Amino acid sequence: MTGPKDSNDSQDEGKSNVLDKTISRRDLLRLAGVGGAGLLLGATGVSGLFSAKSRSGVSSAAPTVAANVDQIVSFYGKHQAGITTPAQDFIVFAAFDLTAASLGEVRKLFQDWTQAAATMASGELLGDTNDNLNLPPSDTGEAAGLSPSRTTITFGVGPSFFDGRYGLAGKRPAALVDLPAFGGDELRAEWSGGDIGVQVNANDLQIAFHALRNLARIARGKAVLRWTQEGFQRTSGADPSGATPRNLMGFRDGTGNPDVTDDAEMNKVVWASASDGTAWMSKGSYMVVRRVRMRIEVWDRSTLGDQEATFGRHRASGAPIGAVHETDKLDLDKKDEKGKPVIPMNAHVRLAHGDGSVKILRRSFSYSSGLDNKTGQLDAGLLFIGYNRDSRKQFIPMQQKLGQSDLLNEYIVHTGSAVFACFPGVSEGGYIGETLF
Amino acid sequence: MKFKLVSFLVACTIVFTGCGSNAAETNDQANEGAAVNAADETTVSEEVWAPILESYRQFTIEQADTFIIETEKFVTAVKGGDLDTAKQLYAPTRMYFERIEPIAEALGDLDPNIDARENDVEDKDWRGFHRIEQGLWERNSTEGLDEYADRLLEDVKLLRALMETVEVEPSLLLTGAVELLNEVSSSKVTGEEERYSHTDLYDFAANVEGADKIYQLVKAELNKKDAALDEQIGKGFADLEQALAAYKSGDGYVSYLDLKEEDTKKLSQLIDALAEPLSQMGTILEA
């Protein structure tokens, strides 16, 4: 375990006192960012010392992009970053299939990935051959000079990782189950499965793409891309207040999420424990990814009344139907004057809420992938990502209910699906997957 | 190709420099880097490189000599109206060219004259193998191809003659290996090279053989410098050659049309898996 400064455990990473620790390069950059909005780091300053590596100090004459504490989410910590980290503006998700010949090569891949991910989270250039004319640069360069932008990179392994190839069949967690078929599934192989899942988030799409691209490059010869999906939500620039984001149907999505700052709640809902039966997954979490296409054109011609009845919430305020504020209590028993439930029996919010005892942590993004050339309609929707401690007890029963009777099913179709066991976090010097390999 | 590229890059640099003083400074730094690297290169032992470069020169000359002989046979078949023989000889003949393609690309217009595809050049300038390929397969005839056949043989002989003038430097040799695989990546694995005959796998195999030849020549040096990289490249070639062997048919290869999407995807990923470490071979130019 590293100290609080280098962990992502708390949400105010980096705000601790730097005096209690040897000052690292990152700390210097943080100090620079904290101390001087608009401060130019000259050739004799920090960037002079680190210009060979620092992405944000590429040219000594250029104003250094403030690599301040708010821009860096440390890769290290007892949990992986990118799970309870407040959702960034963009996602690039990728599933990989392994081609590695041995477990040793798989281990090497995760060691290399760990180092690269930590480097990119800090906003530094990868590798040390970025100025050699005889070699391809070790960093592909499109993030040079850009701020770290709260990059997080989260790794997990899927059920197929535990087939016979690497002698790990006995290590597969019972909680890493193949999902059953749900109502509304029209799953396509091109958006499903994978030996490894990698979730890259950042407040800048180019930076997120850069991270995934470089991870894929590092993997060459050991793993190949299986499928990818980019996603977005309204940016923090467009909504500085950070209100609950709206999905592409125009409704707020994530209002009922558990509180990520409540450790006890996170331990209950998100983090696996050794007592669950798989010691190597202690402090890890199970990720469910669903590519949910929205029937945009159909939705757009449904009345506001139907739309609100479908979700069980008002579109404008996000409040439960019959209530005023977004955070007003969800009163599922409320009846209208004719004795009918105010929130329809099959409304999305009612089915997802259930009796309130089963929760998951949703971390979804919208996606837009051009056209479906068969129909000429938009291929857009939700890249659903949910984290839970045990999908058998949380996601699966919830989705079974939704798949059977959710009013929303008329407007959506699940086209992709994957599950991954996301490893616990690591401290500096360790590597992702060390508890398993 | 190589020379043209250089002038293109210079042009780009000038454009970017115009964007502002910061860019100019970055450029200066890059230029300093270039000077340092050029100096490094002179520290690479002449004793080490001279025999490697000489071996490669001999290899390319051998290929070019055989290329002339095989092209003569092909041209004779075309001009004699022997459609079946012409079709049979087409793909195997091209392999001698594909193995040494980086050299041809360094020789100005020769590469397009021999190897341009339709629309790569203006129609009036279009000649070479692919023009004949179009006649043989699209029109299923040798008619009207005599002139193209004669010019092809002239161009191939000219290629051989001009090769005496090419000085292969270590960096050209090393990037040439990667370029050969890039050729596969961008046009052969997609079936775009041989759009009428669908004999893309012949070119594919020849490009890989050409890259392997270069790797074999520098392998000993590479192993001294970075044994892990050498091992990775060796494995990459072995994996690729094994996968390619599955598509052998008689003395040649199956038609591109017989490949399924999963086949081309797998081959393409194997090329990427090999070309990435191969692109690091330049490390042996370091002192």
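How are α4(B) and α10(B) oriented to each other: roughly parallel or roughly perpendicular? I opened my notebook with that one, and kept in mind throughout that this is a predicted model.

**Entry 1: the helix pair in chain B**

I looked up the two helices first. Helix α4 of chain B covers residues 83-99, and helix α10 of chain B covers residues 200-225. I found them packed at an angle of about 30 degrees, with their axes 8 Å apart. Angles under 35 degrees count as roughly parallel, and α4(B) and α10(B) are therefore roughly parallel to each other. I also noted the hand of the crossing, which is right-handed.

Next I listed who makes the contact. From α4(B) I wrote down B:Ala91, B:Pro92, B:Arg94, B:Met95, B:Glu98 and B:Arg99. From α10(B) come B:Tyr202, B:Asp203, B:Ala206, B:Asn207, B:Glu209 and B:Gly210. Sorted by class, this contact holds five nonpolar, two polar and five charged residues.

**Entry 2: chain B as a whole**

Chain B has twelve helices and two strands. Of the 287 residues in chain B, 36% are buried. For contacts between residues at least 6 apart in sequence, I noted that 73% join residues at least 24 apart.

**Entry 3: chain A as a whole**

Chain A has 437 residues, and 44% of them count as buried. Among its contacts with a separation of 6 or more, 76% are between residues 24 or more positions apart.

**Entry 4: the neighbours of β8(A)**

Which strands of chain A are joined to β8(A) by nine, two and six bridges? I went through them one by one.

- Strand β5 of chain A (residues 285-294) runs antiparallel to strand β8 (residues 377-388), and nine bridges join the two. One pairing I checked is A:Val289 with A:Ile385 of β8(A).
- Strand β6 of chain A (residues 361-362) is also antiparallel to β8(A), with two bridges. Here A:Leu361 has A:Tyr387 as its bridge partner.
- Strand β7 of chain A (residues 365-372) is antiparallel to β8(A) too, through six bridges. In this pair A:Ser366 is partnered by A:Leu382.

**Entry 5: across to β9(A)**

Is strand β9 of chain A mostly covered or mostly open? I found that nine of the eleven residues in β9(A), which spans residues 412-422, are buried, so I wrote it down as mostly covered.

I followed its pairings next. β5(A) and β9(A) pair in the antiparallel sense over ten bridges. A:Val289 turned up again here, standing opposite A:Ala418 in β9(A).

Definitions and conventions
Residues numbered from 1 in each chain as written. Chains lettered and ligands numbered in written order. Predicted model: local features only at pLDDT ≥ 70, side-chain atom pairs only at ≥ 80, totals over all residues. Axes fitted to C-alpha atoms, helices over the stretch in contact; angles between N-to-C directions. Helix = DSSP H or I, 4+ residues; strand = E, 2+ residues; numbered from the N terminus. Parallel < 35°, antiparallel > 145°, perpendicular 65-115°, else oblique. Left-handed = near helix turned anticlockwise from the far one by under 90°. Contact = placed C-beta atoms within 7 Å. Nonpolar A, V, L, I, M, F, W, Y, C, P; charged D, E, K, R; others polar. Buried ≥ 20, exposed ≤ 12 C-beta atoms within 10 Å, placed from the backbone. Pairing = 2+ DSSP bridges.
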